[in-house]
2 protein chains.
Amino acid sequence: VQQKREMSEVQAVIESVIGFSVAGVACGLKKDNRLDFALVVSDRPCITAGVFTRNEVKAAPVLVDMDRLQYQAENIRAVAINTGSANACTGRKGVQDAHVTASWVAESIGCHEENVLVMSTGVIGLHLPMDKIRQGVSLASASLGNDWQGTASAIMTTDTRPKYGSVTVRTAAGQEYTIAGIAKGSGMIAPDMATMLSVIVTDAVLSGAAQAKTALKTAIDKTFNCIAVDGDTSTNDTVVMMANGATGVTAGDEFQLALETLCRKLAQDIVRDGEGATKFIALEIAGAPNHEAARQIADTIATSPLVKTAFYGGDANWGRIIAAAGRAGILLDPEKMQLHIAPGETLNGDSLLLFTNGMPTEYDEPTALDIMRQPAISVKLDCGAGEGHALVWTCDLSHDYVSINGHYRT
Amino acid sequence: VQQKREMSEVQAVIESVIGFSVAGVACGLKKDNRLDFALVVSDRPCITAGVFTRNEVKAAPVLVDMDRLQYQAENIRAVAINTGSANACTGRKGVQDAHVTASWVAESIGCHEENVLVMSTGVIGLHLPMDKIRQGVSLASASLGNDWQGTASAIMTTDTRPKYGSVTVRTAAGQEYTIAGIAKGSGMIAPDMATMLSVIVTDAVLSGAAQAKTALKTAIDKTFNCIAVDGDTSTNDTVVMMANGATGVTAGDEFQLALETLCRKLAQDIVRDGEGATKFIALEIAGAPNHEAARQIADTIATSPLVKTAFYGGDANWGRIIAAAGRAGILLDPEKMQLHIAPGETLNGDSLLLFTNGMPTEYDEPTALDIMRQPAISVKLDCGAGEGHALVWTCDLSHDYVSINGHYRT
């Protein structure tokens with residue numbers, strides 16, 4: 001365990017993942033010549049899994065990728081990602097445009113169109129500006145290399161910083177492989193996926209598409225699906241994992257832990273960079289009737305505007321947390337609830353009990369305010385109603401969130 | 001029908017309701033000597049119905065009133081309402097304080113303690129300052145009269161204006177009675193009740209508690225339960241209707257329509273005065289699989305931070321509305337959806353089609369922006385999936401909402 005833990009530490013850099021090359025370029029999708037188009041390419045076919053938005057309104061690239069992974073999941077070579085337009089609500093032409101984008105990438109790297117995935121993020125209802133996309137494909141494929149940070153920057157929308165990381169795993173036999181990932185997402189972030197794109201790559205050997213899918217889904221349930229910025233779920237959410245096996249090292253038991261560690265880092269980076277966020281909040285629900293109930297209570301609290309504005313104001317307004325739990329649709333007895341807060345991203349011994357036996361404790365208000373003013377705050381609500389447990393990460397609701405989203409399109 | 005409609009017009013004044021007297025006084029619960037305590041008294045027992053919050057965390061006055069209406073529903077004489085403290089999460093002492101408040105009112109007007117209801121609104125977790133409450137009861141019972149506006153003002157918290165109105169109903173036989181009401185609520189407003197208090201009184205004769213309850217519940221389902229400010233539901237929501245029969249005129253078929261008209265006016269007043277609200281939005285969902293699905297879609301849109309900030313920004317960002325509908329948990333086909341917007345509080349012929357066949361129309365952007373910049377906007381989403389229909393009223397999410405709620409307690 002000690003060794004695994006050590007190996008699973010996420011690095012805030014991506015040195016290299018054998019057989020993968022990437023590029024982030026500027027092709028005029030964003031203003032001011034910012035990076036706005038990205039390409040991730042493997043030199044050989046990848047075993048690939050994807051997890052997609054549950055929104056009933058799915059963007060064209062989501063529909064195209066879902067379809068492709070039905071029959072090409074062990075044969076994917078590249079992912080192309082554009083910003084500026086979500087290519088959602090764009091009808092038949094939107095699907096066509098996604099196909100054309102993929103075909104340009106395929107042509108430039110030498111594979112079939114069906115072996116390329118596409119992702120889009122940006123405004124809903126705009127057709128892709130295909131002349132710029134063509135330019136993006138051409139620039140990116142000409143500059144493929146190892147600039148992961150630039151590539152992560154090229155998929156940003158309202159993000160203020162690129163999100164990427166890697167884990168190098170040493171197997172029991174002393175062999176090494178890497179898992180690396182880039183992600184974007186800042187608003188429209190809700191449990192059950194979000195306006196969130198992520199590409200995860202590994203040079204480990206996976207046994208096949210089934211293993212890849214199980215590994216990715218399990219990891220996402222504990223990480224990307226446990227974050228909430230505003231409770232809105234987008235039309236475009238996609239996480240794709242590509243394994244090219246270039247190291248020849250088989251992914252063993254340690255793979256899952258390493259993958260989850262990486263996904264957790266990327267997911268938390270999204271919350272930290274939430275639109276207008278000034279605070280990172282780790283919210284733990286214990287003692288719920290069951291896991292689903294715990295998640296429902298956690299999600300209700302994490303998306304409550306009153307709770308989120310109280311965190312923004314640095315106000316220890318525990319009543320709003322208790323009230324949000326009470327409206328989650330789960331049978332609860334306030335007399336049995338206990339609410340703790342603590343500074344930092346994880347709750348340890350030094351927490352402050354705010355509420356028990358249906359009433360506030362006689363806690364020290366300055367201590368509570370001091371905790372509420374930290375950049376990271378842990379909250380634990382024990383419902384005293386069973387064994388259900390959930391952990392989600394969220395952020396506060398600030399003036400800047402309103403500014404960003406009140407004027408995003410105009 | 002013509003006559004009924006005429007009779008059901010809501011007046012923005014309350015002239016008098018026979019047998020009822022009211023008072024709003026200042027007893028130090030709010031700063032700056034503002035009105036903060038209210039009393040509504042009938043000179044004879046009332047047939048009374050109440051509808052209460054569904055939050056699992058119920059304030060002491062809610063628990064006390066629910067209990068009282070089990071066995072005193074045809075024998076209520078008064079309602080006392082304090083601001084400053086919600087008397088929620090206040091344990092056994094909170095319930096005791098509610099009883100003591102009722103007993104002081106009972107003493108001053110000459111009835112049993114059990115014949116008095118109590119309501120509270122304000123911060124959760126604070127005990128009632130009983131010396132001030134005593135002062136409030138004493139001042140209010142000494143100044144009972146016809147100042148309905150002052151009484152409505154005395155129950156305000158973050159409200160910026162008092163909410164009240166009345167309907168005078170003429171029966172087929174030419175007799176008259178009045179229904180009047182006061183309400184408060186501005187934040188923590190969600191479908192299925194909200195931090196919302198309302199007292200409705202009538203001098204009509206009702207047959208009994210069962211009729212009162214059915215009438216009130218039916219009216220609330222179409223009015224108070226169709227508003228959303230922030231999606232948060234409070235611990236204290238209460239609507240009480242008291243009928244004292246003082247006119248001797250029996251409430252006939254026309255009663256329900258008049259009651260609903262009054263409740264709609266009060267509910268819409270709450271949305272218009274939503275915390276930080278700059279726009280009133282009437283949201284109609286048609287063509288959903290059924291009514292519950294329509295409500296779920298409506299509520300998801302009405303509480304979506306991205307939709308609400310787009311309205312605040314005056315941006316015709318229809319994509320956010322479609323995306324919110326898509327994540328409502330209802331099976332929908334975006335190809336069959338149609339989205340219209342129009343200026344004003346009701347959607348009539350002059351609406352602008354923004355979205356159909358899975359794509360935006362080639363609508364005129366200046367026309368759309370002009371509509372989005374109106375103080376009242378109607379939105380209609382036809383899902384093309386059935387006969388389900390719902391109508392809710394909501395408001396935008398502004399910088400002021402964040403300011404108000406980021407710093408409410410401190």
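In this predicted model, the interface between chain A and chain B buries about 4500 Å², of which 60% lies on carbon and sulfur atoms. The size of an interface is often given as the accessible area lost when the parts come together, and the contacts that accompany this area involve 57 residues of chain A and 57 residues of chain B. No salt bridges are counted between chain A and chain B, whereas nine residue pairs, both members at pLDDT 80 or more, are in polar contact across the two chains.

On the side of chain A that touches chain B, the elements giving two or more residues are α9 (305-313), α10 (318-326), β13 (359-360) and α12 (399-406) of chain A, and among these α10(A) gives the most, with seven residues. When this side of chain A is divided by class, 26 residues are nonpolar, 22 are polar and nine are charged.

In soluble globular proteins, nonpolar side chains tend to be buried together. The largest nonpolar core here has 113 residues, and those with the most contacts inside it are A:I200, A:F224, A:I285, A:I297, A:I301 and A:L381. Helix α7 (residues 254-272) of chain A supplies the largest share of this core, with nine residues. For A:L381, when neighbours within four places in sequence are left aside, the residues in contact include A:I285, A:I297 and A:I301, together with A:E284, A:I322, A:M337 and A:L339. Another core, of 112 residues, lies apart from the largest one, and its members include A:V79, A:A88 and A:A180 as well as B:V249.

Note on methods:
Residues numbered from 1 in each chain as written. Chains lettered and ligands numbered in written order. Predicted model: local features only at pLDDT ≥ 70, side-chain atom pairs only at ≥ 80, totals over all residues. Heavy atoms only, no water. Contact = heavy atoms within 4.5 Å. Buried area = accessible area lost by both parts, 1.4 Å probe. Salt bridge = Lys/Arg side-chain N within 4 Å of Asp/Glu carboxyl O. Polar contact = N/O pair within 3.5 Å; in protein donor to acceptor, adjacent residues only side chain to side chain. Helix = DSSP H or I, 4+ residues; strand = E, 2+ residues; numbered from the N terminus. Nonpolar A, V, L, I, M, F, W, Y, C, P; charged D, E, K, R; others polar. Core = buried A, V, L, I, M, F, W, Y, C linked by side-chain atoms within 4.5 Å. Buried < 20%, exposed > 50% of the residue type's maximum accessible area, 1.4 Å probe, protein only.
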